[in-house]
Amino acid sequence: MSKIAFMFPGQGAQTAGMGKDFYEHSEIARNIIDRSSGLLKLDMKSLCFEENENLHQTEYTQAALVTVCMAMEQVLREAGVKPDVTAGLSLGEYCAIASAGGMQIEDAILAVRKRGILMQNAVPDGKGAMAAVLGLDAEKIEAAIAGIEGVSIANYNCPGQIVITGWKESVEQARAVLKDAGAKRVLPLNVSGPFHSPMLQEAAGQLKEVLDQIECSPLQIPYVTNVTGRYVSDIEETKELLIQQIAAPVRWQQSVEEMIRQGVDTFVEIGPGRTLSGFLRKINRDVKVYQVSTWEDIEKVRTESGGRNRSFPWNRKSNCRKTGRRGRFCCHQLPWQ
């Protein structure tokens, strides 16, 4: 029997206009986006739907992306498509945990808002850097940078694409060494900090205080952690893994390979862009890959992946599950509850 994985992108996938068509067509999506605005005291519609600089600043990006991805995820579930496992790249892991039932959507949005501020302030501007290494395998990269202090691997994305992180001068030194070692290209990334490096250890400690205030729930399905690339089914591990994750490498390739070993043959990327779908095709071309970033994508995924809700109300209002009333969602339908 086919197994489905939902996967969620990380920071960098954000784009102006993301989620706007979902807001216009779905009351569930509209409720999540409006609720997020109220929780964070931010105009989420303006932040996500219009061209603006704030969308690309870490302290705003993370909450905006999680809000939109979870709005899309809830619509996909309403269409009858449900996952057997979830995973997310870096920031996307918060969506994965919420989708797996381990965290309320509301709590995930509040947590990543604070996470974004901590990461934004962790290292002074201009002191850190990241770069994508193309065309060189992980073992050779690890060997090449082993003697350079202040640089490490941030992301194991897919074969032929590894990201390094650290102090700006160290990353620059590593770029030259890696080119000499055979890398096709070493591209500086336009990011606001050296994410997933030991330089964020202080932020990791501060994140613990944030996560200690969040109540997690038993997982309904497993998710895959970035820290080890393995399945997590015990919710007690979740907070500690999220604390480690902020300064540890993202093992995305290992995560995908583990899901395939566990029988997953269908992957659905939920969120703007197609970054994870691109990585997946380089990891394994034998699996099915779908992408949900527009309203029209929902119908394709529903029909082709075996969505179970054949009477999905695309153009009509839903009944409240508790009161039976038709129309705008009442308090009993809020996805936070």
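Author: Start with charge: Lys and Arg count as positive and Asp and Glu as negative, while His and the chain ends are not counted. Each charge needs a place, taken as NZ of Lys, CZ of Arg, CG of Asp or CD of Glu. A patch is made of residues with over 30% relative accessible area and no salt bridge; like charges are joined within 9 Å, and nonpolar side chains (Val, Leu, Ile, Met, Phe, Trp, Tyr) within 5 Å. A salt bridge is a side-chain nitrogen of Lys or Arg within 4 Å of a carboxyl oxygen of Asp or Glu. Accessible areas come from the Shrake-Rupley method with a 1.4 Å probe, and for residues only the protein chains shown count as cover.

The model is predicted: local features need pLDDT of at least 70, side-chain atom pairs count only at pLDDT 80 or more, and totals for chains, interfaces and linings use all residues. Residues are numbered from 1 along each chain as its sequence is written, and side-chain values use heavy atoms, with hydrogens and water left out.

Now the patch. Arg 274, Arg 281, Arg 285 and Lys 300 form a positive surface patch. Take Arg 281. It sits in helix 12, residues 275–283. Helices (H or I, at least four residues) and strands (E, at least two) are DSSP runs, numbered from the N terminus. Arg 281 is partly exposed, at 40% relative accessible area. Buried means under 20%, exposed over 50%, and partly exposed in between (1.4 Å probe, protein chains only).

Step back along the chain. Gly 271 lies in the loop between strand 9 (264–270) and helix 12. Gly 271 is buried, with a relative accessible area of 0%.

Next comes helix 11, residues 252–261. Its buried residues include Trp 252, Val 256 and Met 259. Just after helix 11, Gly 263 takes a positive phi of about 100°.

Cys 69 is buried at 0% relative accessible area, and Cys 95 is buried at 2%. A disulfide is a pair of cysteine sulfur atoms within 2.5 Å. The closest cysteine sulfur to that of Cys 69 is in Cys 95, 4.7 Å away, so it is too far for a bond. By this rule, the count comes to zero disulfides.
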